[in-house]
Amino acid sequence: MSALALRPDQELGLEPMDDIHREFMILLGRLDGASGNSLMPALDALFAHTVAHFEQENVWMEATGFPPMHCHRGEHERVLEVLHEVRKLAAAGDDGIVRTLVRELPLWFEHHAATMDAMLAQHIASCAYPAQTTLPALAAA
């Protein structure tokens, strides 16, 4: 069982965002524990979640006019490019690249959540925007 989980000190106080981040860490933990025939489905689940996760944050940024939106989106795009490349390499048999992802992605996430997502959560609160999870993939989780 993986020790990957959203820690209380990583919660940002915006429940819909915290829920999405919890799911992200759960899926990353599942990928950490996956091997053999369970590896690609776990990677695909994380990839699908991450796409929906970032789309949800984009909705919130657009709706509130978040000033550093382009910088935040740029980070998301780079992570999605990496996930796409990792998926391609993993499908070709490179399980080691998945282990590298599991080791490195939590480090990126911790910094991203503590900086960019924290600023977004603060901005949403300051706008009194009623943030909700609107994407089915996340609402169903």
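Me: What is a nonpolar core?
Reply: This model is predicted. A nonpolar core is a set of buried Ala, Val, Leu, Ile, Met, Phe, Trp, Tyr and Cys residues. They are joined through side-chain atoms within 4.5 Å.

Me: Which residues have the most contacts inside the largest nonpolar core?
Reply: The largest nonpolar core has 24 residues. H2 gives the most, with seven residues. The residues with the most contacts inside this core are Leu31, Leu43, Leu46, Val98 and Leu101.

Me: Which residues does Leu31 touch, leaving out those up to four places away in sequence?
Reply: Leu31 is among the residues with the most contacts inside the largest core. Its partners, with those close in sequence not counted, are Leu39, Ala42, Leu43, Leu46, Val98, Arg99, Leu101 and Val102.

Me: How many residues are in the second, separate core?
Reply: This core includes Trp60, Phe66, Met69 and Ile124. Its residues number eleven.

Me: Are H2 and H3 roughly parallel or roughly antiparallel?
Reply: H2 and H3 pack with their axes 11 Å apart, at an angle of about 165°. Angles over 145 degrees count as roughly antiparallel. H2 and H3 are therefore roughly antiparallel.

Me: How many residues in the contact of H2 with H3 are nonpolar?
Reply: On the H2 side, the contact includes Leu43, Phe47 and Phe54. On the H3 side, it includes Val79, Leu80 and Leu83. Five residues of this contact are polar and five are charged, while the nonpolar ones number 13.

Me: Is Gly74 buried or exposed?
Reply: Gly74 is found in helix H3. Its relative accessible area is 12%. Buried means under 20%, so Gly74 is buried.

Me: What distance separates the C-alpha atoms of Gly74 and Arg87?
Reply: Gly74 belongs to H3. Arg87 of H3 takes part in the contact with H2. Gly74 and Arg87 are 13 residues apart along the chain, and their C-alpha atoms are separated by 20 Å.

Me: Is the crossing of H3 and H4 left-handed or right-handed?
Reply: H3 and H4 pack at an angle of about 170°, with axes 12 Å apart. They are therefore roughly antiparallel to each other. Their crossing is left-handed.

Me: How many residues in the contact of H3 with H4 are nonpolar?
Reply: H3 contributes residues including Val82, Leu83 and Val86. H4 contributes residues including Leu101, Leu105 and Trp108. Three residues of this contact are polar and two are charged, while the nonpolar ones number 14.

How values were computed: Residues are numbered from 1 along each chain as its sequence is written. This is a predicted model: local features need pLDDT of at least 70, side-chain atom pairs count only at pLDDT 80 or more; totals for chains, interfaces and linings use all residues. Side-chain values use heavy atoms; hydrogens and water are left out. Buried means under 20% relative accessible area, exposed over 50%, partly exposed in between (1.4 Å probe, protein chains only). Helices (H or I, at least four residues) and strands (E, at least two) are DSSP runs, numbered from the N terminus. Contact means heavy atoms within 4.5 Å. Axes are lines fitted to C-alpha atoms, for helices over the stretch in contact, and angles run from 0 to 180 degrees between N-to-C directions. Angles under 35 degrees count as roughly parallel, over 145 as roughly antiparallel, 65 to 115 as roughly perpendicular and the rest as oblique. Ala, Val, Leu, Ile, Met, Phe, Trp, Tyr, Cys and Pro count as nonpolar, Asp, Glu, Lys and Arg as charged, and the others, Gly among them, as polar. A crossing is left-handed if the near helix is turned anticlockwise from the far one by less than a right angle, and right-handed if clockwise.
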